[in-house]
Amino acid sequence: MTALLQTNDLTLAFGGLVVANGINFSLEEGERLAVIGQNGAGKTTFINICTGLIKPNKGRVSLSGQDITGQSPRKIVKQGMARSFQLPQLFLEHTVRECLQLSAVARSGSLSSWSLLSGGSRAIEIDRMLDLISLRDRQDELCINLPEGQRKLLDVGMSLMLEPKLLILDEPTSGVSTEEKHGVMEILMHALDEQKVTAIFVEHDVDIVKRYATRVAAWISGAIAADGTPASVLNNPLIQREVLGE
Amino acid sequence: MRPLLLNIAAVVVVLGLASAFPWLKIPLILSLCYGLAALGIVVLLKAGQISFGHAMYACISGYAVAFLGRQFPSADGVLLVVAGTLASVIAGMLIGAFVVRYREIFFGMLNLAISMVLFTILGKFYSVTGGTDGLRINRPTLFGAQLSRDPFEIVLLVLVLAISLVAIWGVQRYFLSSGGQALAAIKTNETRLEYLGVSAKKVLWKGYVLSASLCGLSGALFGLSQGLVTPEMGYWLRSGEFVFIAILGGAGHAVGAFVGALIYEFLKMYAAALVSGSWQMVLGAILIVIIYFLPKGITGLINRRKRLGGGAV
């Protein structure tokens, strides 16, 4: 079986600073991979290379066996890899519902200068997504008025509307208060399960990693230092010292 | 029901004014022409972009009307308007393909630069373009009828009014469409748009061509009403006027451009009569007041009242 996401010898350096050091990695369908690592270890760079925001110096990224190295984010999204952002990227002057509607239209490629965005045919799937991300009662709120936790949920919701095979979540709980973190994660993971989406999430909170990940990859200086089950990686002495700072 | 009533009211007011005060016909035609062009600017404002060169599309269209009018003296005025607009649509497609790669100040200045190249060409190639004197447009037939000046102006006013109402409706519909909403999304988050698999450039390009076509429509009708086209039609000051009107009216609703244009035209008329040497100062002061107190223009004021009245802010 071909891996859903595979990278071979992915290398990128900014001058003397090596941010991706020959990364060989593969992800199977159905996994929930947590990516951990200190700031600057190259986690976000890895995501940015996979999703097409930055081109690697060397190496190859493939999605379901298709080479996607160096393609634009737009093309990669169309092939089934979506992402959410550390800082939620929303249309701040649109309502929650409109954001999801735009996602739905984008997925079907039916952007039109005539038919209304609020067209009826998509209402059911929008309602369903609003329920999944628990934003039904805020659907007519402008995004700019949402608190951070709800922004995160909508950010993921917009990506899920694209019906991706793989979703990469960049720090889904950063900026969310400690009390809300588990609630947000609970909703997100439930939504991922419902949509049957494979996911990678970058996370700093060990509790969250333990609870939601089926696999953990730890980054140190642009390379994967440990990769395996949560228990094996989190109990690895090197990871405990270098990544978790215990 | 309400939009229909408002449309009827607009028709009654404009035509009523024109028949009560015949000298108002030309100022009204010009206001509506300015409104059409400002509506083109409003389309770009939706995407958070501003162009300081869009008068070039009015100019291209106006000159196309003049050239064709000379080439084919029997061509009907309506046909000339269509052809002129088409010329600016094609120009908008070509220039748009290049400028939609840029944003904000670069977008604005590139449009300005291209418009100044056109302005200079029109002024220098005397044998073809008539130089700074421009080209005369002989009064063509309208809907097949050869009219003397007064009825010509009446028919032209009705035509411009009808086109304006259709344009308001069409642009408003576009704003509510998925493409129009994607255009508005360029203003707030282009990155996300790309990560939804949408080409922001393509979305902006379509909006750009629409805005060029509205300016073109404006230029063709303007040329017909004046019987003359000059390079001044494409000068940056004219582009600035379009932007001024768009800001005055606000980008909240397509009708704003026309409200702005009417206010602008009449302000200009009265300011020129009151303080003939320094009417621009009056306009400048008004722009400052608008930006300070009504950053979303006049339609912003209406929308705000509507929201307050609806109970939700």
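**A residue and its surroundings**

Guide: Leaving aside residues up to four places away in sequence, Leu160(A) touches Met129(A), Leu167(A), Ala191(A), Gln195(A) and Val197(A). Please keep in mind that this is a predicted model.

Visitor: Which helix does Leu160(A) lie in?

Guide: Leu160(A) belongs to helix α5 of chain A, which covers residues 148–160.

Visitor: And does Leu160(A) count as buried or exposed?

Guide: Leu160(A) counts as buried, because it has 23 C-beta neighbours inside 10 Å and 20 or more are required for that class.

Visitor: How far apart are Leu160(A) and Met129(A)?

Guide: Along the sequence they are 31 residues apart, while in space their C-alpha atoms are 8.3 Å apart.

Visitor: Let us turn to the sheets. What is the order of the six strands in the open sheet of chain A?

Guide: The order is β6-β7-β8-β3-β9-β10, and the pairing is mixed. The edge strands are β6(A), residues 81–84, and β10(A), residues 223–228, each of which pairs on one side only. From one strand to the next, the twist averages 20°.

Visitor: What holds strands together in a sheet, in general?

Guide: Strands of a sheet pair through backbone hydrogen bonds, in either a parallel or an antiparallel manner.

Visitor: How do β6(A) and β7(A) run, parallel or antiparallel?

Guide: They run parallel, and four bridges join β6(A) to β7(A), which spans residues 166–170. Within this pair, Met81(A) stands opposite Leu166(A) of β7(A).

Visitor: And what about β9(A) and β10(A), at the other end of the order? How many bridges do they have?

Guide: β9(A) and β10(A) pair over five bridges, in the antiparallel sense. Ile220(A) stands opposite Ala223(A) in β10(A). The hairpin of these two strands has two residues between them, and Ser221(A) takes a positive phi near 45° there.

Visitor: Which helix packs on this sheet?

Guide: Helix α1(A), residues 43–50, packs on the sheet and touches β3, β6, β7, β8 and β9 of chain A. The direction of α1(A) makes about 145° with that of β7(A).

Visitor: What is the order of the four strands in the other open sheet?

Guide: That sheet has the order β2-β1-β4-β5 in chain A, with antiparallel pairing. β2(A), residues 17–27, and β5(A), residues 66–67, stand at the edges with a single partner strand each, so one side of each is left without a neighbour in the sheet.

Visitor: How many bridges does β5(A) share with β4(A)?

Guide: β4(A), residues 58–63, and β5(A) pair over two bridges in the antiparallel sense. Ser62(A) stands opposite Asp67(A) in β5(A).

Visitor: Which strands of this sheet does α1(A) lie across?

Guide: α1(A) lies across β1, β2 and β4 of chain A, and it runs at about 65° to β2(A).

Visitor: Now for chain B. How many residues does each chain bring to the contact between A and B?

Guide: Chain B contributes 23 residues and chain A contributes 25 residues. On the side of chain B, the elements that give two or more residues are α7, α8 and α9. α8(B) gives the most, with nine residues. By class, this side has eight nonpolar, 10 polar and five charged residues.

Visitor: You mentioned α7(B). At what angle does α1(B) pack against it?

Guide: α1(B), residues 2–20, and α7(B) pack at about 155°, and their axes are 11 Å apart. That angle makes α1(B) roughly antiparallel to α7(B), since the class covers angles over 145 degrees. Asn7(B), Ala10(B), Val11(B), Val14(B) and Ala18(B) of α1(B) meet Leu157(B), Leu161(B) and Leu165(B) of α7(B). The residues of this contact divide into seven nonpolar, one polar and no charged.

Visitor: One last pair: how do α12(B) and α13(B) cross?

Guide: The axes of α12(B), residues 255–274, and α13(B), residues 279–293, come within 8 Å and cross at roughly 135°. That makes α12(B) oblique to α13(B). The crossing is right-handed. Leu267(B), Lys268(B), Ala271(B) and Ala272(B) of α12(B) make the contact with Trp279(B), Val282(B), Leu283(B) and Ile286(B) of α13(B). By class, the contact has seven nonpolar, no polar and one charged residues.

Key
Residues are numbered from 1 along each chain as its sequence is written. Chains are lettered from A and ligands numbered from 1 in the order in which they are written. This is a predicted model: local features need pLDDT of at least 70, side-chain atom pairs count only at pLDDT 80 or more; totals for chains, interfaces and linings use all residues. Two strands pair if DSSP finds at least two bridges between them. Axes are lines fitted to C-alpha atoms, for helices over the stretch in contact, and angles run from 0 to 180 degrees between N-to-C directions. Two residues are in contact if their C-beta atoms, placed from the backbone, lie within 7 Å. Ala, Val, Leu, Ile, Met, Phe, Trp, Tyr, Cys and Pro count as nonpolar, Asp, Glu, Lys and Arg as charged, and the others, Gly among them, as polar. Angles under 35 degrees count as roughly parallel, over 145 as roughly antiparallel, 65 to 115 as roughly perpendicular and the rest as oblique. A crossing is left-handed if the near helix is turned anticlockwise from the far one by less than a right angle, and right-handed if clockwise. A residue is buried if 20 or more other C-beta atoms lie within 10 Å of its own, exposed if 12 or fewer, and partly exposed in between; C-beta atoms are placed from the backbone.
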